[in-house]
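Work through the exercises below with the coordinates loaded. Each task is followed by a solution in steps.

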Amino acid sequence: MTRKLYDLDSHRRDFSATVLRCDPDGERYAVVLDQTVFFPEGGGQPADTGVLGGAHVLDVQLLPDAIVHYTDVPLTPGAQVRGEIDWPQRFRRMQGHSGEHIISGLIHSEYGFDNVGFHLGEDAITMDYSGELTWQQLMHIERLANEAVYRNVPIRTEYPAPEQLAHMEYRSKLDLKEDVRIVTVEGYDVCACCAPHVSHTGEIGAIKFTSVMRHRGGVRVTILCGSDAEADYREKSAQVAALSAQLSVRQADVVPAVQRLLDEIAQHKAAAAELERRLNAQRLQLLQETPGSICVIDRFDDPVAMREFVNAGMLLAGGVCAAFTGSDAEGYRYIIGSRTVDLRAEAKAINAAISGRGGGKPTMIQGSCTAPAAEIEAFFAAYPGK
């Protein structure tokens, strides 16, 4: 079995090893070493990547008899090779995974819920818990978790003897019996875990919840730790600063300023809708019964008003009532209705004539087109009626 150097020192970045085996594996090569610093995928944490004897390590997996490194070029069995992991990637993952242990330990002790899912992604960390938690409760956990960071308590890893393990209280998603690796965050968590962790909580940096949603009877939360939390703060701080400048208010007053703006927009929308209703009433008064078709190209800001116009017009038209809104430069949206024409059957021919696409029911179709207004009006002026 490959010796797990990452178990002995999670901060070790490089090492030397002997190539025991190298076998083709599709377009990759499966390399087995006598020892490794590369962590194989496991416990919700992705595998390390890096370089190994001139080859790029693309993936690492733990098999029953060995740790296999998948590389882009072959290595010679028996050769001594030097390996180096992508350290920024590893350290970011250690920060996040150690932060997850603190949070899960606190949620378990404070509210009695278990961690039932964990994924350490490239952009964020998601964790699933067995019970529902409010945002206020999560903010309480966040404060306690960051206190653990400030205290810089030790994080220890060990393989307890079976008789010792039998009397230990620890979290675990699986019923493990042997070679159980225990990770202890002093005063906060004891958990079975195979992954590398930081040696003291101070290395984690900030811990920040970013979202929560209900999930399978519990909640799914998203967190950021360390450099990821710092990057998120910088980005959001820059966004608040930009909004502050655009709204000409202090950064602390951005939220009420945005709310005032939203209230003004809502008032303007209501006023515009009222004007649209009045304009539509005038349009409807101008409609006259005809054995042919009605076609109106106008500005319809409200889709409901546009549909009401077509509903009224189709009662007066022997053919169809067609309403279009838009411009020759940007194209048009349309709604077409009829009491006498099967528009579902006619949709293909109509769309071909006006360079459009759309469909619907026998009594009404809607879609968009790119034909200019003159072509649209000419087509419907000649469209047969009853």
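**Exercise 1: strand pairing**

Task: identify the bridge partner of Leu 52 in β6.

Solution. Leu 52 has Ala 55 in β6 as its bridge partner. The model is predicted, so local features need pLDDT of at least 70 and side-chain atom pairs count only at pLDDT 80 or more, while totals for chains, interfaces and linings use all residues. Residues are numbered from 1 along each chain as its sequence is written, and side-chain values use heavy atoms, with hydrogens and water left out.

Next, take the strands, which are DSSP runs of E with at least two residues, as helices are runs of H or I with at least four, both numbered from the N terminus. Two strands pair if DSSP finds at least two bridges between them; β5 and β6 (residues 55–62) have 3 bridges, in the antiparallel sense.

Then extend to the sheet: 6 strands close into a barrel, ordered β2-β3-β7-β6-β5-β8, with antiparallel pairing. On average, neighbouring strands of this sheet are turned by 45° against each other, direction ignored; the axes are lines fitted to C-alpha atoms.

**Exercise 2: aromatic pairs**

Task: classify the pair Phe 15 and Phe 38, then the pair Phe 324 and Phe 380.

Solution. A pair of aromatic rings is described by the distance of the centres and the angle of the planes. Rings of Phe, Tyr and Trp (its six-membered ring) pair if their centres lie within 6.5 Å; planes under 30 degrees apart are stacked, over 60 edge-to-face, and the rest tilted. The whole structure holds 9 aromatic pairs.

Phe 15 and Phe 38 are 6.0 Å apart centre to centre with 75° between the planes, hence edge-to-face. Phe 15 is in strand β2 (residues 14–25) and Phe 38 in the loop between β4 (35–36) and β5 (50–52), 23 residues apart. Both Phe 15 and Phe 38 are buried (under 20% relative accessible area, with a 1.4 Å probe and protein chains only).

Phe 324 and Phe 380 give 5.8 Å and 55°, a tilted pair. Phe 324 belongs to strand β17 (residues 321–327) and Phe 380 to helix α9 (residues 373–381), so the pair ties together parts 56 residues apart in sequence. Phe 324 is buried at a relative accessible area of 0%, and Phe 380 is buried at 1%. Ring pairs link Phe 324, Tyr 334, Phe 379, Phe 380 and Tyr 383 into a cluster.

**Exercise 3: a loop residue**

Task: is Thr 201 buried or exposed?

Solution. Thr 201 lies in the loop between β13 (189–192) and β14 (207–215). Its relative accessible area is 0%, so Thr 201 is buried.

Note on methods. Buried means under 20% relative accessible area, exposed over 50%, partly exposed in between (1.4 Å probe, protein chains only). Axes are lines fitted to C-alpha atoms, for helices over the stretch in contact, and angles run from 0 to 180 degrees between N-to-C directions.
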